[in-house]
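Here's a protein chain to look around in. Take a moment with the sequence and the 3D view, then follow the questions below.

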Amino acid sequence: MADVLVVVDHVEGSVRKPTLELLTVARRLGTPVAVALGAGAGQTAGVLAGHGASRVLVSEASEFADFLVVPKVDAVQRAVELVDPVAVLFVSSGENKEIAARLALRLESGVITDAVDVEAGEDGRPVAVQSAFAASYTTRSRVTRGIPVITVKPNSAPVEPVEGAGAVEELAVDFAAGVRGARVVSRSARESTGRPELTEAAIVVSGGRGLGSGENFALIEALADALGGAVGASRAAVDAGWYPHAHQVGQTGKSVSPQLYIASGISGAIQHRAGMQTSKTIVAINKDAEAPIFDLVDYGVVGDLHTVVPQLTEEINKRKG
């Protein structure tokens with residue numbers, strides 16, 4: 001079978017769940033070959049092999065931490081030259097989409113972003129499935145020239161453990177002179193909440209203007225904690241200073257695609273829908289029965305969220321025992 005290159009998302013050797021989902025997608029197209037970059041890359045091999053990677057190309061060069069995305073573009077390009085894959089797959093994120101676009105330009109091929117699925121076409125070449133216009137349309141696209149470069153949203157495929165060889169190979173990279181154009185001078189760790197990463201969470205509970213104040217986000221946090229989910233916020237809530245921008249879901253925030261999305265006190269403006277429209281199951285709680293969000297949902301509750309959300313949290317905790 002042809003090789004499929006999977007670019008690994010990891011934190012100092014700890015492989016993030018969306019990469020394991022990506023390996024499931026890759027196996028539909030061919031034999032996954034993983035490329036892991038940065039500090040701890042060599043520690044990813046065991047997990048990647050346990051999810052189907054036949055080979056793991058690793059490089060722990062200091063350039064990945066010291067400079068912006070160009071070193072990673074150089075490294076992935078080198079991996080493409082070595083592997084000659086039928087496709088290159090990334091997890092959809094801001095940084096990865098920039099790397100994917102730069103890589104496609106160098107390869108003189110095409111890039112497809114934010115796919116919710118990738119299928120093998122009749123000729124064996126990948127076909128990317130995307131959701132568009134607030135999930136009103138599903139499109140299927142393919143790259144017609146060169147090696148397809150595709151970014152796939154988290155939660156688009158199940159994690160399926162399967163043993164692969166996982167042979168580790170050192171990836172030797174000759175970095176271009178332009179790599180040092182922008183240096184990273186400092187980093188600050190984000191305060192941990194103990195909740196899942198918003199873009200990777202299987203369950204997301206979001207609050208909007210209907211909460212009435214930032215203090216009432218405690219209701220959203222309690223429900224999210226009961227479900228083991230992440231907390232999101234609408235643009236209106238973020239603009240009002242009620243919750244940090246890092247949690248904003250929407251066109252000018254983050255795009256999420258969880259198994260369950262609960263929108264509380266959110267009207268459903270198009271810019272918010274653009275960030276959560278690919279969620280598998282959507283539940284809305286809003287006292288306005290005419291709110292646009294109800295046009296999109298699988299289940300809707302017309303009621304005061306200040307009453308409904310605490311009751312829902314209490315019932316979930318009761319059933320959890």
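Q: How much area is buried between domain 1 and domain 2?
A: This is a predicted model, where local features need pLDDT of at least 70 and side-chain atom pairs count only at pLDDT 80 or more, while totals for chains, interfaces and linings use all residues. Residues are numbered from 1 along each chain as its sequence is written, and side-chain values use heavy atoms, with hydrogens and water left out. Domain 1 covers 3–170 and domain 2 covers 203–320, with bounds from an automatic or database domain assignment. Carbon and sulfur atoms give 47% of the buried area (the accessible area, with a 1.4 Å probe, that two parts lose on being put together, summed over both), and the total is about 710 Å².

Q: How many salt bridges are there between domain 1 and domain 2?
A: A salt bridge here is a side-chain nitrogen of Lys or Arg within 4 Å of a carboxyl oxygen of Asp or Glu. The structure holds 18 of them. Between domain 1 and domain 2, though, the count is 0.

Q: Which residue does arginine 16 meet in a salt bridge?
A: Arginine 16 sits in the loop between strand S3 (14–15) and helix H1 (17–29), and its partner is 184 residues apart, in the loop between strand S12 (167–170) and strand S13 (203–207). Helices (H or I, at least four residues) and strands (E, at least two) are DSSP runs, numbered from the N terminus. The side chains come to 2.6 Å, N to O, and the partner is glutamate 200.

Q: Is glutamate 200 buried or exposed?
A: Buried means under 20% relative accessible area, exposed over 50%, and partly exposed in between (1.4 Å probe, protein chains only). Arginine 16, at 28%, counts as partly exposed. Glutamate 200 has a relative accessible area of 17%, so glutamate 200 is buried.

Q: Which residue's backbone oxygen lies 2.7 Å from a polar atom of the side chain of histidine 10?
A: Histidine 10 lies in strand S2 (residues 10–11) and is buried at 15% relative accessible area. The backbone nitrogen of glycine 13 lies 3.0 Å from a polar atom of the histidine 10 side chain. The backbone oxygen at 2.7 Å belongs to leucine 37.

Q: How far apart are the end C-alpha atoms of helix H4?
A: Helix H4 runs over residues 70–83, which makes 14 residues at 1.5 Å each. The expected span is 1.5 Å times one less than the number of residues. That should come to 20 Å, and the end C-alpha atoms agree, lying apart by 20 Å.

Technical notes: Polar contact = N/O pair within 3.5 Å; in protein donor to acceptor, adjacent residues only side chain to side chain.
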